[in-house]
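Hi everyone, thanks for coming. Today I'd like to walk you through one protein, starting with a single residue and then stepping back. Here it is on the screen.

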Amino acid sequence: MPSTVLVGAQWGDEGKGKITDLIASDYDYVVRYQGGNNAGHTVIHGDKKLALHLMPSGVMYDHAVPVIGNGVVVDPGVLIKEMAMLEAEGISCKNLKISCDAHVIMPYHKDLDGADEKRLGEHKIGTTKRGIGPCYQDKVARKGIRIQDLMDEKIFRLKVETALAQKNPILKNIYGLHTYTVDEICEEYLPYARILKQYMAETAQLLNEAVREDKSILFEGAQGTLLDIDHGTYPYVTSSSCCAGGACTGTGVGPKAIDRVLGIQKAYVTRVGGGPFPTEQRYPEDGGTGEEAMVGETLCEVGHEFGVTTGRKRRCGWFDAVIARYAAEVNGLTDVALTKLDVLSAFDTIKVCVAYECDGKTYDYFPMQQSVLFHAKPVYEELPGWKGVDITECRTFEELPENAQRYVEYIEEVAGVPVTIIAVGPDREQTIMRGWDR
């Protein structure tokens with residue numbers, strides 16, 4: 001059976017939750033492979049929209065096994081609350097498996113995350129302040145605490161004691177913050193262990209056995225390609241490998257087991273937090289004027305562009321073919337799901353960035369030099385829109401207005417990847433399956 005990596009092909013928030021929710025029923029396992037509760041997926045349950053931050057979307061289906069892989073960092077309190085929310089909605093979490101090697105977000109991680117962002121001031125990265133980065137720092141420094149450590153009180157106390165010997169002086173002397181005792185942390189975290197113990201598993205072994213049994217696996221990424229720690233707009237990135245390659249390191253399943261890499265792209269582009277954004281249409285409060293401000297406000301309002309996890313207003317801009325081509329290359333995309341095409345029904349004319357200009361040089365590829373990217377000016381092509389035409393009822397490609405069809409085909413041309421799924425509204429049924437073989 002085919003296994004698929006679902007990956008964000010922009011700066012995150014591309015609508016991965018809807019697409020995962022749409023196709024997850026076809027898979028035996030749905031696996032989250034990186035990130036933490038700094039990401040959010042919105043899924044549909046009956047007439048309700050539920051926000052998932054750690055739980056893989058496979059939890060929505062009785063037959064599927066939702067797996068939290070070793071590449072994820074877990075805030076146990078958040079996960080347990082999410083499980084309780086789902087159970088209250090009649091959604092069972094009994095099939096959940098959590099990697100014993102996943103790292104645990106501790107209270108001091110969250111404190112340090114917020115304090116460091118405050119210290120950076122106007123140069124802040126724009127983190128969610130949920131402790132993700134500091135937890136990954138401890139993981140890489142080989143000082144982290146893992147799910148399996150949480151299950152052994154003696155080991156857990158020893159590791160917490162070692163961590164606090166380093167963290168408390170930083171919290172107190174550098175940031176003037178509250179310090180912790182071992183007992184204080186154990187009092188909060190050991191009850192979590194008693195709840196989560198039944199879900200702990202050696203997930204790499206579990207998933208490789210599933211591969212041998214010809215089961216299908218959906219690897220569910222969080223954030224997006226341009227936020228990848230290695231391949232994103234560093235340092236304005238997340239702390240994990242959210243490209244398709246992260247599915248292998250974040251789960252222990254080798255690349256030969258993966259048949260398909262589905263990239264998720266909005267019909268325009270958004271990002272949250274700091275960092276370069278060549279096609280950004282700035283809001284009036286950020287200095288945008290005239291057409292730029294109007295486009296930015298329209299995309300935000302019509303697209304409901306507010307973060308699932310943070311509630312922050314997202315930065316909005318025209319579609320960027322440069323990053324689309326880059327995402328196709330670094331992820332090895334086989335096809336694309338294009339979301340929120342309906343939002344562009346608000347415009348007479350639609351722009352697509354096909355290259356950047358900086359200091360007299362034109363870039364049709366994604367420049368990794370930070371100094372170039374910050375000063376890059378977009379080179380646009382303009383396409384006719386379909387303003388005022390409601391496309392939310394379209395269920396085939398041929399039902400779309402001619403200009404909308406041409407826009408999708410143009411995206412395929414400039415990015416070099418076929419579009420097999422088109423979302424024309426927020427609901428599951430508001431989708432055109434165009435060449436997606438389920």
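Let's begin at cysteine 358, which is buried, at a relative accessible area of 6%. Buried here means under 20% relative accessible area, exposed means over 50%, and partly exposed lies in between, using a 1.4 Å probe and protein chains only.

A quick word on the source: this is a predicted model, where local features need pLDDT of at least 70 and side-chain atom pairs count only at pLDDT 80 or more, while totals for chains, interfaces and linings use all residues. Residues are numbered from 1 along each chain as its sequence is written, and side-chain values use heavy atoms, leaving out hydrogens and water.

Now, how many disulfides are there? A disulfide is a covalent bond between the sulfur atoms of two cysteines; the rule used here asks for a pair of cysteine sulfur atoms within 2.5 Å. The count comes to zero. For cysteine 358, the nearest cysteine sulfur belongs to cysteine 353, 13 Å away. Cysteine 243 is also in no disulfide, with the sulfur of cysteine 242 at 6.0 Å. Cysteine 243 is buried too, with a relative accessible area of 5%.

Let's step back to the whole protein. Of its 438 residues, 58% are buried. Its C-alpha trace spans about 65 × 50 × 40 Å along the principal axes. As for contacts (heavy atoms within 4.5 Å), among those with a separation of 6 or more, 75% join residues 24 or more positions apart.
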